[in-house]
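Work through the exercises below with the sequence and the coordinates at hand. Each task is followed by a solution in steps.

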Amino acid sequence: MHEELIEYYEALKLCEDCEEIITKLREHLALINKDSIVSKKVNIINNSNNVNVIRETLFQLIFYLYGK
């Protein structure tokens, strides 16, 4: 699961039109078991249209999940 999140992160760094990637990312995040920190990060990703905010929040989420 974490590997897929890294793939989304890498794709967001390279995309020109990120809408499709963001949509798939949001669908993937819906399947993740969430504690309060993960829920906050997912909420930011789901409610933002700014690719930079989504990418940075995804990076923080990946870092958090690997630290668990």
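The model is predicted: local features need pLDDT of at least 70, side-chain atom pairs count only at pLDDT 80 or more, and totals for chains, interfaces and linings use all residues. Residues are numbered from 1 along each chain as its sequence is written, and side-chain values use heavy atoms, with hydrogens and water left out.

**Exercise 1. The buried side of helix 2**

Determine which residues of helix 2 are buried, and what covers them.

Step 1. Helices are DSSP runs (H or I, at least four residues), numbered from the N terminus. Buried means under 20% relative accessible area, exposed over 50%, and partly exposed in between (1.4 Å probe, protein chains only).

Step 2. Apply them to residues 19-29, which form helix 2: Ile21, Ile22, Leu25, His28 and Leu29 are buried.

Step 3. Look down the axis. These residues lie on the same side of helix 2, because they cover an arc of only 120° around the axis. The arc is that of the directions from the helix axis to the C-beta atoms.

Step 4. Identify the cover. It includes helix 1 (2-14), helix 3 (36-47) and helix 4 (51-67), where contact means heavy atoms within 4.5 Å.

Step 5. Histidine 28, in helix 2, has a relative accessibility of 13%. Its side chain makes a polar contact with the side chain of glutamate 4 at 3.4 Å. A polar contact is a pair of N or O atoms within 3.5 Å; within protein, one must be able to donate a hydrogen and the other to accept it, and residues adjacent in sequence count only if both atoms are side-chain atoms. Histidine 28 and glutamate 4 are 24 residues apart along the chain, with 8.8 Å between their C-alpha atoms.

**Exercise 2. Salt bridges**

State how many salt bridges the structure holds, and describe each.

Step 1. Two salt bridges are found.

Step 2. In helix 1, glutamate 10 and lysine 13 are three residues apart, about one turn of the helix. Their side chains meet at 3.4 Å, N to O. Glutamate 10 is partly exposed at 35%, and lysine 13 is partly exposed at 43%.

Step 3. In helix 2, glutamate 20 and lysine 24 are four residues apart, again about one helical turn. Their N to O distance is 3.2 Å. Glutamate 20 is exposed at 56%, whereas lysine 24 is partly exposed at 42%.

Step 4. Relate the spacing to geometry. An α-helix has 3.6 residues a turn, so residues three or four places apart point the same way.

**Exercise 3. The disulfide**

Locate the disulfide and give its handedness.

Step 1. Search for pairs of cysteine sulfur atoms within 2.5 Å.

Step 2. Cysteine 15 is joined to cysteine 18, with S to S at 1.6 Å. The angle about the S-S bond is 80°, and the link is right-handed.

Step 3. Cysteine 18 is buried, at 6% relative accessibility.

**Exercise 4. A loop serine**

Describe the surroundings of serine 48.

Step 1. Serine 48 lies in the loop between helix 3 and helix 4 and is buried at 12%.

Step 2. Its side chain reaches the backbone nitrogen of asparagine 50 at 3.1 Å.

Step 3. Not counting residues up to four places away in sequence, serine 48 touches Arg26, Val53 and Ile54.

Terms used. Helix = DSSP H or I, 4+ residues; strand = E, 2+ residues; numbered from the N terminus. Salt bridge = Lys/Arg side-chain N within 4 Å of Asp/Glu carboxyl O.
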